[in-house]
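Please open the model in your viewer and keep the selection tool at hand. The tour goes from one selection to the next and says what is there.

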Amino acid sequence: MSYTSTTALCVLLVLIATNLLSINEAKRCNPSGKLRGKKPPPGKCNPENQSECCKKGQFYTTYECSPRVSRHTKAVLTINSFQKGGDGGGKSACDNKFHSDNIPVVALSTGWFNKGHRCLQNITIHGNGRSVSAMVVDECDSTVGCDEIHDYQPPCPHNIVDASKAVWKALGVPKHKRGELDIFWSED
């Protein structure tokens with residue numbers, strides 16, 4: 001086999017392997033289903049922090065997974081209240097407690113929450129040119145929603161880090177710009 005043929009064969013194998021890896025990576029977190037929304041009872045969906053309330057008849061995508069965790073896992077930061085009466089709904093899944101919005105705490109999408117394996121561990125969030133360490137205290141449920149337990153809000157997307165006001169403040173994001181922010185996070 002000539003040098004040119006060997007080189008061409010190697011390039012072809014690399015392209016095939018790269019394509020297969022891309023396909024496998026894309027398959028790692030596909031939607032797991034759809035959930036039909038129902039209208040919340042009067043006064044039952046707290047719209048604090050720009051929270052979306054479910055709409056009757058609208059379909060919402062559900063996930064049982066999240067993108068693969070790396071040293072720089074890309075995510076979307078959203079804002080959530082972990083206090084009693086806040087838009088976060090009930091007590092946190094990790095410790096069955098409410099948490100002050102003045103403490104850096106987060107809820108992770110279902111796949112990243114990993115059935116509670118990241119509970120009470122710190123992650124580092126990088127965004128807006130700054131970093132902050134925050135404790136995982138809850139799951140941002142990607143599998144269910146539109147019910148009382150989830151404050152009649154839709155299921156979380158699969159790539160969410162839902163953070164307290166303290167996280168946003170530490171990242172230096174002005175109040176009027178808080179809502180969604182592209183970030184990356186890593187495990188401490």
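## Starting at a disulfide

The torsion about the S-S bond of Cys45 and Cys53 is about -100 degrees, so this disulfide is left-handed. The model is a predicted one. With both cysteines selected, the sulfur atoms can be found 2.1 Å apart. Cys45 counts as buried at 13% relative accessibility, while Cys53 is partly exposed, with a relative accessible area of 23%.

## Other disulfides

Next, select Cys54 and Cys146, which are joined by a disulfide with an S to S distance of 2.0 Å. This disulfide is also left-handed, because the torsion about its S-S bond is about -90 degrees. Cys54 sits in the loop between β1 and β2 and Cys146 in the loop between β6 (130-140) and β7, so the bond ties together parts that are 92 residues apart in sequence. Cys54 is buried at 4% relative accessibility, and Cys146 is buried at 1%.

Now move to Cys29 and Cys65, where the S to S distance of the disulfide is 2.3 Å. Here the torsion is about 95 degrees, so the disulfide is right-handed. Cys29 belongs to the loop between α1 (3-27) and β1 (33-36), and Cys65 to the loop between β2 (59-62) and β3 (73-79), 36 residues apart. Cys29 is buried at 13% relative accessibility, as is Cys65 at 16%.

How many disulfides does the structure hold? There are 5, and with bonded cysteines counted along the chain their pattern is 1-5, 2-3, 4-9, 6-7, 8-10.

## Two tryptophans

Select Trp112 and Trp185. They form an edge-to-face aromatic pair, 5.4 Å centre to centre, with 75 degrees between the planes. Trp112 lies in helix α2 (residues 110-113) and Trp185 in strand β8 (residues 180-187), so the pair ties together parts 73 residues apart in sequence. Trp112 is buried at 1% relative accessibility, and Trp185 is buried at 0%.

Go to Ser109 in strand β4 (residues 105-109). Is Ser109 buried or exposed? Ser109 counts as buried, at 0% relative accessibility. A polar atom of the Ser109 side chain lies 2.8 Å from the backbone nitrogen of Ile160. Ser109 also touches residues including Ser66, Cys140 and His158.

Last, select Asp162 in strand β7 (residues 160-163). Asp162 is buried at 11% relative accessibility. The side chain of Asp162 makes a polar contact of 2.6 Å with the side chain of Thr78. Asp162 and Leu77 are 85 residues apart in sequence, but 5.8 Å apart in space, C-alpha to C-alpha. Among the residues that Asp162 touches are Asn80, Phe82 and Cys140.

Terms used:
Residues are numbered from 1 along each chain as its sequence is written. This is a predicted model: local features need pLDDT of at least 70, side-chain atom pairs count only at pLDDT 80 or more; totals for chains, interfaces and linings use all residues. Side-chain values use heavy atoms; hydrogens and water are left out. Rings of Phe, Tyr and Trp (its six-membered ring) pair if their centres lie within 6.5 Å; planes under 30 degrees apart count as stacked, over 60 as edge-to-face and the rest as tilted. Helices (H or I, at least four residues) and strands (E, at least two) are DSSP runs, numbered from the N terminus. Buried means under 20% relative accessible area, exposed over 50%, partly exposed in between (1.4 Å probe, protein chains only). A polar contact is a pair of N or O atoms within 3.5 Å; within protein, one must be able to donate a hydrogen and the other to accept it, and residues adjacent in sequence count only if both atoms are side-chain atoms. Contact means heavy atoms within 4.5 Å. A disulfide is a pair of cysteine sulfur atoms within 2.5 Å. Lists of a residue's contacts leave out its neighbours within four places in sequence.
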